[in-house]
Amino acid sequence: MQEEWPPGSVQRPVRVERRPVDEAESRRANGPDWDRYADEYQATHGEFLGDIGFVWGPEGLTEAEAGVLGDLRGRRVLEVGSGAGQCSRWVATQGGTPVGLDLSWRQLQHSRRLDEETGVPVPSVLGTATALPFAGDAFDVVFSSFGALQFVADLQGCIAETARVLRAGGRFAFSITHPTRWSFPDDPDEPGLTATQSYWDRTPYVEIDDETGVVSYVEHHRTLSDWVSVLAGAGFSLTALLEPEWPQDHDRVWGGWSRTRGRLTPGTAIFAADLR
Ligand SMILES: C[S@@+](CC[C@H](N)C(=O)[O-])C[C@H]1O[C@@H](n2cnc3c(N)ncnc32)[C@H](O)[C@@H]1O
């Protein structure tokens, strides 16, 4: 018999749909999903991420190369969707004071493990990007590397929360699946190069547990103009939009990201914006 630890960790058959899902259902699905997936995620990607390492996405662009967060010395920094806290740990080595926040307790257990293994602790809390448990103006920098932003239904609420906890003039930066990717099947090989659905269709990607009918995973899509509008509407001025190219010698496959697709089409978008 397959042992089930953490509870609910056994992957069960799912069916995929596109249909509307609200914030509560997204959160109910994604927390337990990341709890189930955390061990495999860290075992598969941990070495690539680096225990003290800041990678913006599967292309391997590091914050040391991108420099979108600016000088971190003396900065109070919040990482949203911090997972095992690798990025925040790198922030600490640059003189910043990081705090992590994640929806998944199992991801945070990995963060505790890395705190001990590296000797670079990242204080972290269990929570959601749409209700940040911090006072206003508490941070100079908020960032997310493929963290919560594409998992929340209430993007406006999430960005408003970010603006609330940032001081005026503070920097917000995040990476997400490049919005153009949503037109293509999530396949790292040739079939992933043929557009099959409308870029403008924002209907969420939903996985449903075949046995129980319960929504078990959700991702939300927004177009590039949606992202710009929601940032501007919350008082942010865009300072950068990066679309990292796939490096010639990089042949790692991460889900739907690969050299086959990466040499032709962007897989990651990184936004940076300052609060006015
Ligand atoms: C792809 S992982 C990225 C984790 C980390 N930034 C890294 O690079 O490994 C996405 C993370 O976002 C977290 N997450 C998903 N929805 C969230 C939410 N609503 N609020 C906070 N974190 C969330 C997941 O639990 C997961 O740890």
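A residue is called buried if 20 or more other C-beta atoms lie within 10 Å of its own, exposed if 12 or fewer do, and partly exposed in between, with C-beta atoms placed from the backbone. The structure described here is a predicted model, in which local features need pLDDT of at least 70 and side-chain atom pairs count only at pLDDT 80 or more, whereas totals for chains, interfaces and linings use all residues. Residues are numbered from 1 along each chain as its sequence is written.

**The chain as a whole**

The protein chain contains 7 helices and 10 strands. Helices (H or I, at least four residues) and strands (E, at least two) are DSSP runs, numbered from the N terminus. A compact globule of 276 residues would have a radius of gyration near 19 Å, and the 18 Å of the protein chain agrees with this. The radius is taken over C-alpha atoms, and the globule rule is 2.2 Å times the number of residues to the power 0.38. Of the 276 residues in the protein chain, 42% are buried.

Helix α5 spans residues 155–165, and its buried residues are L155, C158, I159, E161, T162, A163 and V165. An α-helix has 3.6 residues a turn, so residues three or four places apart point the same way. The elements below are among those that cover the buried residues of α5. Contact here requires that the C-beta atoms of two residues, placed from the backbone, lie within 7 Å.

| Covering element | Residues |
|---|---|
| β2 | 76–80 |
| β5 | 139–145 |
| β6 | 166–177 |
| α6 | 224–233 |
| β10 | 268–275 |

**A sheet of three strands**

An open sheet is formed by 3 strands in the order β1-β7-β8, with antiparallel pairing. Two strands pair if DSSP finds at least two bridges between them. The edge strands, β1 (14–18) and β8 (215–219), each pair on one side only. Strand β7 covers residues 205–209 and is joined to β1 by 5 bridges. Within this pairing, V16 stands opposite E207 in β7.

**The annotated region and the ligand**

An unreviewed UniProt entry lists residues 78–174 as "domain: Methyltransferase type"; UniProt positions are given in the numbering used here, feature names are shortened, and annotations may be inferred rather than shown by experiment. Over residues 78–174 the chain is 34% helix and 29% strand.

Around the ligand there are 22 residues, of which W34, G81, G83, A148 and F151 come nearest. A residue counts as near if its C-beta atom, placed from the backbone, lies within 6 Å of the molecule. Helix α1 gives the most to this shell, with 4 residues.
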